[in-house]
Amino acid sequence: MTASRERSVKLIPEGPKGTIAASKKPSRSEVEAAFRTIIRWTGDDPDRDGLNETPARVTRAFEEYFAGYAQDPAQILRKTFEETDGYDEMIVLSGIPFESHCEHHMAPIIGRAWVAYVPTGRVVGISKLARVVEVFARRLQIQEKMTAQIANTIQEVLEPHGVGVVIKATHGCMTARGVRKHGTMLHTSRMLGSFRDNAMTRQEFLAMID
Ligand code: ZN
């Protein structure tokens with residue numbers, strides 16, 4: 001490991017940024033009680049048969065939706081492989097499906113991500129790129145921030161020649177509420193290093209996106 005790699009790895013915080021300590025989190029029964037209150041507020045009866053178990057189920061579902069707070073995305077990328085026989089071309093994982101939730105309405109964001117990088121001697125297991133997408137998706141998000149977070153993390157940890165991330169997603173806050181525009185899709189991208197500076201690299205990547 002070179003000195004510059006060690007330095008950059010140390011800049012990454014040990015725990016996930018912007019999260020609260022486990023000891024300060026509300027208990028499961030407090031969360032279930034909150035969902036009971038919400039059901040009552042809609043006008044329904046949380047004690048009727050069909051809704052009896054709902055607060056517990058929704059709490060478990062939320063645990064899944066927001067599992068990304070307990071994971072450090074930088075840690076996922078730490079294990080790399082250097083025996084690549086000099087492979088130095090673009091690596092692209094395309095169309096990674098994800099489900100996230102917008103931080104303004106907690107409405108679903110459903111989409112796909114394209115993640116690419118040009119390695120400098122070492123590569124990461126391909127499933128790890130999908131896991132980084134997953135960790136950031138399983139937090140309250142806006143798509144622009146999620147796109148940048150994925151690209152920045154790969155750039156900081158792997159130190160490749162460049163990183164490209166494109167996300168296309170539909171937003172529940174636009175389709176199910178508010179302006180109710182079905183079929184609209186938000187496209188975001190973040191290009192770093194050679195993907196930002198070299199038009200051919202960027203085009204090669206963008207041509208793979210359908
Ligand atoms: Zn929203």
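How many Å separate the centres of domain 1 and domain 2, taken over C-alpha atoms? The separation is 28 Å.

**Figure 1. Overview of the chain and its two assigned domains.** This is a predicted model, in which local features need pLDDT of at least 70 and side-chain atom pairs count only at pLDDT 80 or more, while totals for chains, interfaces and linings use all residues. Residues are numbered from 1 along each chain as its sequence is written, and side-chain values use heavy atoms, with hydrogens and water left out. Domain 1 covers 11-65 and domain 2 covers 72-207; these bounds come from an automatic or database domain assignment. The C-alpha trace spans about 65 × 40 × 25 Å along its principal axes. Nine helices and seven strands make up the secondary structure; both kinds of element are DSSP runs numbered from the N terminus, helices being H or I with at least four residues and strands E with at least two. Of the 210 residues, 39% count as buried, where buried means under 20% relative accessible area, exposed over 50%, and partly exposed in between (1.4 Å probe, protein chains only). Among contacts with a separation of 6 or more, 70% come from residues 24 or more positions apart, a contact being heavy atoms within 4.5 Å.

Figure 2. Cys102 belongs to strand β2 (residues 91-102) and Cys173 to helix α7 (residues 172-175), so the pair ties together parts 71 residues apart in sequence. Cys102 is buried, at 4% relative accessible area, and Cys173 is buried too, at 14%.

**Figure 3. The open sheet of five strands.** The strand order is β5-β2-β3-β6-β7, and the pairing is mixed. Two strands pair if DSSP finds at least two bridges between them. At the edges stand β5 (140-141) and β7 (186-193), each with a single partner strand, so one side of each has no neighbour in the sheet. β3 pairs with β6 in the antiparallel sense over 10 bridges, and with β2, also antiparallel, over nine bridges. Ala116 of β3 is the bridge partner of Val92, and Ala116 also stands opposite Gly164 in β6. Val118 has Gly162 of β6 as its bridge partner. Eight of the 11 residues of β3 are buried. Helix α9 (residues 199-206) lies across β2, β3, β6 and β7, at about 40° to β6; axes are lines fitted to C-alpha atoms, for helices over the stretch in contact, and angles run from 0 to 180 degrees between N-to-C directions.

**Figure 4. The largest nonpolar core.** This core has 32 residues, of which Phe98, Tyr117, Ile150 and Ile154 touch the most other members. A nonpolar core is a set of buried Ala, Val, Leu, Ile, Met, Phe, Trp, Tyr and Cys residues joined through side-chain atoms within 4.5 Å. Elements giving two or more residues to the core include α4 (73-76), β3 (108-118), α5 (126-137), α6 (143-158) and β6 (162-171). Beyond its neighbours within four places in sequence, Ile150 contacts Val115, Val132, Val133, Phe136, Val165 and Ile167. A second, separate core has nine residues, among them Met90, Ala116, Val118 and Ile209.

**Figure 5. Ala130 in helix α5.** Ala130 is partly exposed, at 25% relative accessible area. Leaving out residues up to four places away in sequence, Ala130 touches Leu93 and Ile96. Glu30 is 100 residues from Ala130 in sequence and 33 Å away in space, C-alpha to C-alpha.

Figure 6. Met106 lies in the loop between β2 and β3, a hairpin with five residues between the strands. Met106 is partly exposed, with a relative accessible area of 42%. At 23% relative accessibility, Glu159 is partly exposed.
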